[in-house]
Amino acid sequence: MRKILVAPSLLSADFGCLAQEIRKVEAAGADLLHIDVMDGHFVPNITIGPVVVKNIRKVTKLPLDVHLMIENPGKYVDSFVSAGSDMITMHIETISFAGFKKQAMRLKKKGIKVGVSLNPATPLAKIKKALPLVDFVLVMSVNPGFGGQAFIPAALPKIKKLREIFKGDIAVDGGINEDTALKAVRAGANVLAAGSYIFSAKNIKTAIERIRNVR
Ligand code: DX5
Ligand code: ZN
């Protein structure tokens, strides 16, 4: 059985004391640090750029899992790599297959793990060609843009179908709590990105353990 990895999403952290928030989730046993990059074009919100990632890199040893929700991601991947990203996810809605392939090969050469993500409304067929190029797929279970939204159940059959054809890691992102984590893991996901559930918990360590041990 695949190990379940928990990736706290910084979007729900207190940005006024980011270093402290990061140390908190690291000490609480997080496996990855999920960093949501939004450009105000692909999604209706603006968040973090490479300059912040560079400073995050200085305060943690956790692998930085950078989720690019931006148009024209190819233009920015190098800056995020130089900033210290370990994993980079691009949305299939934002790039051609040829563009994705080019970036994926470049990233792999640099030792960066590559992910492809798809929105709730995007069918699995859209990422099929990209699957042999990626280490993981990030299945969106909310429409990207904001933390704290409700899990969209249609993500579950999508994860299930994906698990049948894909051997790599399957991450799920959006609306993860104990209940939805269990459903997503049963469907075949093994990486749980979770923001509000973790950062609003009274005890962050318990929250992380609860979703890691759902099955
Ligand atoms: C949504 C982001 C998610 C988000 C998850 O656009 O990609 O990573 O932070 O937040 P929760 O877990 O609160 O839904
Ligand atoms: Zn995300």
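Helices (H or I, at least four residues) and strands (E, at least two) are DSSP runs, numbered from the N terminus.

I note that this is a predicted model, in which local features need pLDDT of at least 70 and side-chain atom pairs count only at pLDDT 80 or more, while totals for chains, interfaces and linings use all residues. Residues are numbered from 1 along each chain as its sequence is written, chains are lettered from A and ligands numbered from 1 in the order in which they are written, and side-chain values use heavy atoms, with hydrogens and water left out.

**Entry: the sheet**

I traced 8 strands that form an open sheet with parallel pairing, in the order β1-β8-β7-β6-β5-β4-β3-β2. I took two strands as paired if DSSP finds at least two bridges between them. The edge strands are β1 and β2 (33-38), each of which pairs on one side only. On average, neighbouring strands of this sheet are turned by 25° against each other, direction ignored; the axes behind this angle are lines fitted to C-alpha atoms, for helices over the stretch in contact, and angles run from 0 to 180 degrees between N-to-C directions.

**Entry: around β3**

I then asked why strand β3 (residues 64-69) is largely enclosed by the rest of the structure. The reason I recorded is that 6 of its 6 residues are buried, where buried means under 20% relative accessible area, exposed over 50% and partly exposed in between (1.4 Å probe, protein chains only). In a regular strand the side chains alternate between the two faces of the sheet. Here Leu64, Val66 and Leu68 point one way from β3, while Asp65, His67 and Met69 point the other way.

I found β2 joined to β3 by 6 bridges in the parallel sense, with Met69 as the bridge partner of Met38.

**Entry: around β8**

I saw that strand β8 (residues 191-194) is covered on both faces, with Val191 and Ala193 buried on one side and Leu192 and Ala194 buried on the other. Strand β1 (residues 5-8) pairs with β8 over 4 parallel bridges, and Ala7 has Ala193 as its bridge partner. Strand β7 (residues 169-173) pairs with β8 over 3 parallel bridges, and Ala171 stands opposite Val191. From β7 the chain crosses through helix α6 (residues 178-187) to β8, and this β-α-β crossover is right-handed.

A polar side-chain atom of His67 lies 3.3 Å from an oxygen atom of ligand 1. For Gly145, a backbone N or O atom lies 2.8 Å from an oxygen atom of the ligand, and a polar backbone atom of Gly175 is 2.8 Å from a ligand oxygen atom.

The backbone oxygen of Gly175 also lies 2.8 Å from a polar side-chain atom of Thr180, a residue that I placed in helix α6.

Key: Right-handed = clockwise from strand over helix to strand, strands pointing away. Polar contact = N/O pair within 3.5 Å; in protein donor to acceptor, adjacent residues only side chain to side chain.
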